[in-house]
Amino acid sequence: MGQTIAIAGKGGVGKTTVSGLIIEALRRKTGGPILAIDADPNATLADVLGLKVDITLGEMQATTLATIRDLPSGVPLGRHIEYELHRAMVEGDGVDLITMGRGEGPGCYCAVNSILRRCLETLSRSYPYTVLDNEAGLEHLSRRVSQGVDALIIVSDGNPVALRAAVRINQLVDELGLGLSKRGLVLNDLRGELSSKAQALLAETGLPVLASLPHDDAIEALNLDDRPLSELPDTHPSLHAVDGLLTALLAPHEETAT
Ligand SMILES: Nc1ncnc2c1ncn2[C@@H]1O[C@H](COP(=O)(O)OP(=O)(O)O)[C@@H](O)[C@H]1O
Ligand SMILES: [Mg+2]
């Protein structure tokens with residue numbers, strides 16, 4: 001059965017970049033296909049992967065809800081949503097991407113959400129690895145991410161505000177009883193030493209630091225040029241660091257967190 005890695009953290013800290021690096025490292029290691037799910041309404045994973053999204057699940061939902069009402073009896077809702085899931089999938093070289101997008105109206109998403117989640121779980125079982133790039137909001141963690149996740153990576157930069165968000169996310173995972181023994185921090189976009197305040201917050205998270213990625217001029221240059229992370233060479237340090245963290249995080253029977 002495949003493993004699902006979820007990435008969480010405050011907005012702007014580099015969740016999508018780290019997701020992209022993880023997907024890239026896994027793709028190069030295994031040949032893929034990796035299932036990538038962009039669960040952030042402000043979806044940018046496709047850009048980082050160099051893929052073009054035709055339609056998001058959120059854009060589909062209005063029609064889905066209308067279709068559900070008109071669905072001939074005998075067509076199971078689950079099968080219909082499974083079909084839509086495949087329609088929303090973009091197939092790249094060694095990576096298949098589904099973009100959740102944003103809901104079209106209040107409550108709409110909830111109507112299909114639980115079935116959708118089940119379908120996504122079923123789908124991810126047929127992939128060796130699923131990488132889930134989450135939205136910043138914490139409530140999301142409980143609703144869509146709670147089940148079927150094997151490892152949680154919380155991303156933070158060196159800013160105390162982002163580290164405080166990491167502390168809260170980690171506490172929420174405990175409060176929700178999500179289990180998730182494979183849990184750790186990735187410090188990203190670092191510029192110099194952490195301040196003493198940041199170090200104190202880092203200790204407060206109680207999480208192991210799985211990798212520390214400096215501000216990366218090559219990543220910045222690709223981003224400015226709208227080019228994908230797949231253009232990074234195998235020897236690129238950030239890619240190498242993420243590859244190392246995956247080896248440690250996904251090793252069987254190895255507890256990397258509390
Ligand atoms: N290590 C890094 N080095 C340089 N730029 C980075 C790094 N990590 C992220 N960025 C840049 O910071 C911005 C925000 O990153 P992003 O991954 O989109 O954050 P999030 O998904 O958490 O909102 C992007 O422009 C991205 O290219
Ligand atoms: Mg993002």
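**Salt bridges**

At 3% relative accessibility, Arg 183 counts as buried (under 20% relative accessible area; exposed is over 50%, partly exposed in between, with a 1.4 Å probe and protein chains only). Its partner in a salt bridge is Asp 174, with the closest N and O atoms 3.1 Å apart; a salt bridge places a side-chain nitrogen of Lys or Arg within 4 Å of a carboxyl oxygen of Asp or Glu. Asp 174 is partly exposed, at 48% relative accessibility. The structure holds 11 salt bridges.

**Basis of the model**

This is a predicted model, in which local features need pLDDT of at least 70 and side-chain atom pairs count only at pLDDT 80 or more, while totals for chains, interfaces and linings use all residues. Residues are numbered from 1 along each chain as its sequence is written, chains are lettered from A and ligands numbered from 1 in the order in which they are written, and side-chain values use heavy atoms, leaving out hydrogens and water.

**Helix α8**

Helix α8 covers residues 196-205 and has Ala 198, Leu 201, Leu 202 and Thr 205 buried; helices (H or I, at least four residues) and strands (E, at least two) are DSSP runs, numbered from the N terminus. Viewed down the axis of α8, these buried residues fall within an arc of 105°, so they line one face of the helix; the arc is that of the directions from the helix axis to the C-beta atoms. The face turned away from the buried side of α8 carries the exposed residues Ser 196, Ala 203 and Glu 204. Just after α8, Gly 206 adopts a positive phi of about 70°.
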